[in-house]
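Subject: A structure to look through

Dear colleague,

I am passing on a structure for you to look at, with some notes on what was found in it. Please keep it open beside this email as you read.

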Amino acid sequence: MTHKLEKVLYTAEAHTTGGREGASKTSDGALDVTLSAPGSGKPGTNPEQLFAAGYSACFIGAMKAVGPKVGVKVPDDVSIDASVSLGPIKGGAAYGIAAKLAITLPGLDDEQKKKLVDAAHEVCPYSNATRGNVEVELSIA
């Protein structure tokens, strides 16, 4: 199911050249990276690393947004270890990604952690973008 935005709150713009062996720069200049293919050993980052950083940062933001609504304060030292895997799908004719988020919420009990993570997973833009299309595994430490 496609979700149409009711209102645009922010638009990121990036100019990329060369694909996985190129470079990408945002329109505001805040991000200017050299790109390299995963496992190539060349300098630079790859799209999967950028996705892992973006998803984990967004998920923490989602937890902070839903925390007051579910009555759980997000700890100041919250952290997420994200991994994004790349591999073939559909018999090797196409490629896909899978994501894992290992969420650490010090000082909360198991019930609070689950309530917060479940609520965040419902509102996080990355979770909504991947739902039903990308395998996402959430684990709570």
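**Two residues of one loop**

Pro 43 lies in the loop that runs between strand 3 and helix 1, where helices (H or I, at least four residues) and strands (E, at least two) are DSSP runs numbered from the N terminus. The model is a predicted one, in which local features need pLDDT of at least 70 and side-chain atom pairs count only at pLDDT 80 or more, while totals for chains, interfaces and linings use all residues. Residues are numbered from 1 along each chain as its sequence is written, and side-chain values use heavy atoms, with hydrogens and water left out.

With a relative accessibility of 67%, Pro 43 counts as exposed; here buried means under 20% relative accessible area, exposed over 50%, and partly exposed in between, with a 1.4 Å probe and protein chains only. Not counting residues up to four places away in sequence, Pro 43 touches Thr 34, Leu 35 and Ser 36, contact meaning heavy atoms within 4.5 Å. The C-alpha atoms of Pro 43 and Glu 21 are separated by 9.7 Å, although these residues are 22 apart along the chain.

Asn 46 is also found in the loop between strand 3 (32-34) and helix 1, but Asn 46 counts as buried because its relative accessibility is 8%. Leaving aside neighbours within four places in sequence, Asn 46 is in contact with Arg 20, Ser 36 and Pro 38.

**Two helices**

Helix 1 (residues 47-70) and helix 2 (residues 110-123) pack at an angle of about 115 degrees, with their axes 8 Å apart; axes are lines fitted to C-alpha atoms, for helices over the stretch in contact, and angles run from 0 to 180 degrees between N-to-C directions. That makes helix 1 roughly perpendicular to helix 2, given that angles under 35 degrees count as roughly parallel, over 145 as roughly antiparallel, 65 to 115 as roughly perpendicular and the rest as oblique. Among the residues that make the contact are Tyr 55, Phe 59 and Met 63 of helix 1, and Leu 116, Ala 120 and His 121 of helix 2.

**The cysteines**

How many disulfides does a search of the whole structure find? The search finds zero, a disulfide being a pair of cysteine sulfur atoms within 2.5 Å. The sulfur of Cys 124 has its closest cysteine sulfur in Cys 58, at 3.6 Å, which is too far for a bond. Cys 124 is buried, with a relative accessible area of 0%.
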